[in-house]
Amino acid sequence: MVRNLPQKLRTAAACLLAAAGIAVAQPQDRDEGITLSPAVDRALAASYLTDEERRDLRVFHGQWTGADLADPTAAAKAALFAGDLSSPALDDPAANPLDRAEAMILRGDIRDAFELIADDESMRALRLRAQGSELLGDLDAVRTITDTATTRLARLQSNDAETLTEGVRLLIIRARTVGVEQGAGDYELMAQLLATVRDGLDRLYWPARLAEAKLLDSRDNRPQAREALLETLSLNPGSAEAWFTLGEAHVHGFNFDAAEAVAIELDRLTDRMRPGAASPYATLIRSRALLRQKEPRRAAEMLDPLLAEHPTMREALALRTAIAAVYRDTETETDLLATLEELSPGSALGHYEAGVQLADWRQYASAMAHLTEATKRQPAWPEPWIELGLLAMQAAEDETSIAALQRATQLDPFNIRAKNTLRLATELATYEREETEHFTIRYRTGPDAILAKEMAPIMERIHARVAGAENNGLNHEPDRKTVIDLMPSHAWFAVRITGMPDIFTIAASTGPAIAMETPRPNPGSTHRGYDWPRVLQHEYVHTVGLSRTKNRVPHWFTEAQAVFLEDGPWDESRARMLTVALETDELFPLDDLSLGFIRPRRPGDRSLAYAQSAWLYEFIVERFGSQAPIDLMDAYAQGQTQREAFTSVLNVDQDDLEAGFLTWAADQAREWGLLPEAGVPTIEQLAQQYQDEGNDDAPDLLALLETYPDHPQLIEKLARDRLEANNGRPTPEMEPLLTRWANAVPVADEPRRMLVLLAREDGIDPTDSTTIGYLEHLDARAQYTGAYAAELARLYMARDEAGKALAKAQRAVNIEPFDAPTRELAATIAWRAGEFQIARDYVEALTIIEPDREIHQQRLDAMDQRLNR
């Protein structure tokens, strides 16, 4: 596959393909991208083949030789398979007119193609006329052609793989143009016909597997679609159409390295036909990848030469229209839509492409306008309805979503995302609502009503904090209420966000809407509790920030802002992760930081991206002032790129900004106690010096500490060794060393946990402010347990500090809102603090959480009697 490339490019291609999950064969006697099927090898070696048959078979399976191309028919077919649409072989009158016509349609010369095959009534000719008519926007012609084809298919008694496969391709076109109501769109029939080709007629007929892959992908069955594509390529590694389909899937999945690997392979296929020629398919993949990475200018620069060569190529025109739309180049967008309308009156393609890309950029209003127009122009095409329904769900436009998804599932009952999202949208319509000034909180009837009610005042406080101007707030109010959907399980939460029941997080903001998984323990939840106020504060920062920037902001920036404005301290795990990345030069370059979120390459990349982004944001605030992020947001909203915004707002080049950040970051790591002071060797350097002196044993830590008494790494290492020697349990004798560790490494949790354990042995003295300080440190960083807050609540109550006690009790309840003992504690403290209504509310919640315990109702009745006196 990569043999004809220069060595460096060959190696890069091989590495990228390996990253894409594609097995690369070592260059031997063939140029091949994946391992060629042994069945193809056997077929090519069959002794009964004539020379002409063997040549045609080599071309069909992408194994042609230079001598094979002496035949005009073989040369044109090889060029078509390779995606070399501008090959002179495809203009040769001696070539197969169907191959020439197919290339013409792909280039955009559709009417010329029709003239070339005007007298051909083969199934492939019908498919090409239907395909071209759809691109022209002539749906009446598509209906006439596919009527003929379906009638013929119904009567067909054929053992020809090509005829059946072309028939299925016609049915696919008919399904999205004529529609199911007219008797088309029978997915099961199409799958059955393709299975007949694959399993009964010709296992080596790769176009059938390619058609199956596209059919599966259109139903959002991407795993099986990928399997079918890889099998296609094992039967013909030279199929540009299969590579292109695989590359588009990689772009959709944010796997840009794999997409580039595919683009390299596509260029190689074209270069093999005509040295130096570039693949139009590779150009389309690269342009789409750049657009998905929020680089519309570069996407346009990539695509424009292709349009200069093929100005009527519909797919390229539609993509260029979308680029102009997301870049807010209204004049170009209008001109391109007019061009498409002139070439293809009534075609939905341009509006569909613009709508999908605008939706990806969360430009809800304009995306809805384009997708709605696409549904009007081609009402039987499921994809615009699906995208409109999913987009409306993200925008909290439930009625629009339900109507669009109902239509989508009528047209395509097999699409997984559409079915999932429609089911959810229908259920959401039945949810109860808790209304506040700035929020609509939706929840399923039942125990989640407890949390929804408690959310209301907390969310209004969060609104004031995030949307206000004080303390680095965003100084902006969204123009509508934010919808918060409290989802009863992780799977439902995932469907709410992506349409599929799998996602890695517990809450997410789409701008106008926030969804979160309930912190209620049940078989469908991932956590028994979590600090949901902090999580929702994070997500609401996204909502307000995206509103202020009109959803035009680098991904890393919006995540950094959300982490920064959580108002939580740096936790130890993130601080250590950042310090290690800093020491090992593994921090993301700023240009790649957003990719750490959307396409992590290593298991810890997403966590590192979150932490590094927040670190960088903190640096910007500290170095350039609290107004700097706000001004950057406004620059992004105006369309400035990241580098342009840094220059115009911060008056600094991005490279200089990164250099300054790294210097500042090293100072921050020292403040955390994770690096020694500047000029002091690290523990690794000290160990290396010891070995360089000819010592084979481990260095004496106590001796080193005499030289470096404040060395945080040495103190930590010695303390950890002492704990390990005692099976992780602290002893009173360790207390001075643990205290020294806690002071030397301010971010460390372990010494504080150990010191709290020691204090608990005799019972924590409420007057012990040092131990309380350790508990406060641990509680501030606890996001999945209310244990520290509950302990502090008891201690503060023992100190007669009722206000602090109640605040900690409420925090414990917030983290574990459905834990009965935690609520009982909070109710007790609230009652003792004189907050009788709060105490009553906690007990009332207990009657719902534990309805079988009569004591809760008895206590509630007693409280009501007391309160009604």
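R840 touches L860, M863, D864 and L867, not counting residues up to four places away in sequence; contact here means heavy atoms within 4.5 Å. The model is predicted: local features need pLDDT of at least 70, side-chain atom pairs count only at pLDDT 80 or more, and totals for chains, interfaces and linings use all residues. Residues are numbered from 1 along each chain as its sequence is written, and side-chain values use heavy atoms, with hydrogens and water left out.

R840 belongs to helix α43, residues 836-849. Helices (H or I, at least four residues) and strands (E, at least two) are DSSP runs, numbered from the N terminus. Because its relative accessibility is 15%, R840 counts as buried; the cut-offs are under 20% relative accessible area for buried and over 50% for exposed, with partly exposed in between (1.4 Å probe, protein chains only). One of the residues that R840 touches, D864, is also joined to R840 by a side-chain polar contact of 2.5 Å. A polar contact is a pair of N or O atoms within 3.5 Å; within protein, one must be able to donate a hydrogen and the other to accept it, and residues adjacent in sequence count only if both atoms are side-chain atoms.

T579 is placed in helix α28, residues 572-583. At 2% relative accessibility, T579 is buried. Its side chain reaches the backbone oxygen of A575 at 2.8 Å. Neighbours within four places in sequence aside, T579 is in contact with A669, W672, L674 and L675. M302 lies 277 residues from T579 in sequence, and 38 Å separates the two in space, C-alpha to C-alpha.

W672 leads on to the aromatic rings. Ring pairs link W672 with W570, W615, F619, F624, F661 and W664 into a cluster. Rings of Phe, Tyr and Trp (its six-membered ring) pair if their centres lie within 6.5 Å; planes under 30 degrees apart count as stacked, over 60 as edge-to-face and the rest as tilted. The whole structure holds 21 aromatic pairs. F254 and F256 form an edge-to-face pair, because their ring centres are 6.0 Å apart and their planes stand at 90 degrees. Both F254 and F256 are buried.

Rings also take part in contacts with charge. The charged end of R272 sits over the ring of W64, 3.7 Å from its centre, and R520 lies over the face of F818 at 5.9 Å from the ring centre. A charge sits over a ring if NZ of Lys or CZ of Arg is within 6 Å of the ring centre and within 35 degrees of the ring normal.

D84 lies in the loop between α4 (72-82) and α5 (97-107). With 1% relative accessibility, D84 counts as buried. Beyond four places in sequence, D84 is in contact with A79, L90, T270, M273 and R274.

In helix α38 (residues 750-760), the buried residues are P751, R752, M754, L755, V756, L758 and A759. Their cover includes α36 (712-725), α37 (735-744) and α39 (769-781).

Taken as a whole, the protein has 44 helices and 5 strands, and 56% of its 869 residues count as buried. Its C-alpha trace spans about 100 × 80 × 55 Å along the principal axes. Among contacts with a separation of 6 or more, 61% come from residues 24 or more positions apart.
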